[in-house]
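Colleague: Could you take me through this model? Please start with the terms you use.

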Amino acid sequence: MEYEGQTASEDLAQLIQRLKDTYGVNESEIARAIDASPATVNAWVHRKRGSAKGPRRALLEKLAEAYPRFTRDEIFAAAGRRTPGNLSDDVEAELRDTFAELTPEQQKLALIQMRAWAASNSQ
């Protein structure tokens, strides 16, 4: 699946190889840089899926932070996911305040809908 900003059908294994070549690092160094186990990075390289959702968002974000020559868009697209939006402190506070004004039933429905939207970004 391709998303805007993705380089020609590059998957995460290919992106990791390009990252290793660009930065002169190995899988263990990548794992240390993103606080992941070497087995996790190795699974990406060998195209093994650890979960149905693929790599965790937090690890993909850390990968983009640790290796800034690779954009969030590139990394998430290679992982087969849409790039999530940034959540500023102001927006987070507004969401929390608005959510608190909902009834318990409305909160439950809102969570179901938000989880469905988030899940659609992993497909």
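Modeller: Contact here means heavy atoms within 4.5 Å. Helices are DSSP runs (H or I, at least four residues), numbered from the N terminus. This is a predicted model, in which local features need pLDDT of at least 70, side-chain atom pairs count only at pLDDT 80 or more, and totals for chains, interfaces and linings use all residues. Residues are numbered from 1 along each chain as its sequence is written, and side-chain values use heavy atoms, with hydrogens and water left out.

Colleague: Which residues of α3 are buried?

Modeller: In α3, residues 38-45, the buried ones are V41, A43, W44 and V45. Buried is under 20% relative accessible area, exposed is over 50%, and partly exposed lies in between (1.4 Å probe, protein chains only).

Colleague: And what covers them?

Modeller: The cover includes α1 (12-23), α2 (27-33) and α4 (57-66).

Colleague: Which residues have the most contacts inside the largest nonpolar core?

Modeller: They are I30, W44 and L63, in a core of 22 residues. Such a core is a set of buried Ala, Val, Leu, Ile, Met, Phe, Trp, Tyr and Cys residues joined through side-chain atoms within 4.5 Å. Two or more residues each come from α1, α2, α3, α4 and α5 (72-78).

Colleague: What does I30 touch, leaving aside neighbours within four places in sequence?

Modeller: I30 is in contact with I16, L19, K20, V25, V41, L63 and Y67.

Colleague: Changing topic, where is D35?

Modeller: D35 lies in the loop between α2 and α3. Its phi is near 60°, a positive value in a residue other than glycine.

Colleague: Is D35 buried or exposed?

Modeller: D35 is exposed, because its relative accessibility is 62%.
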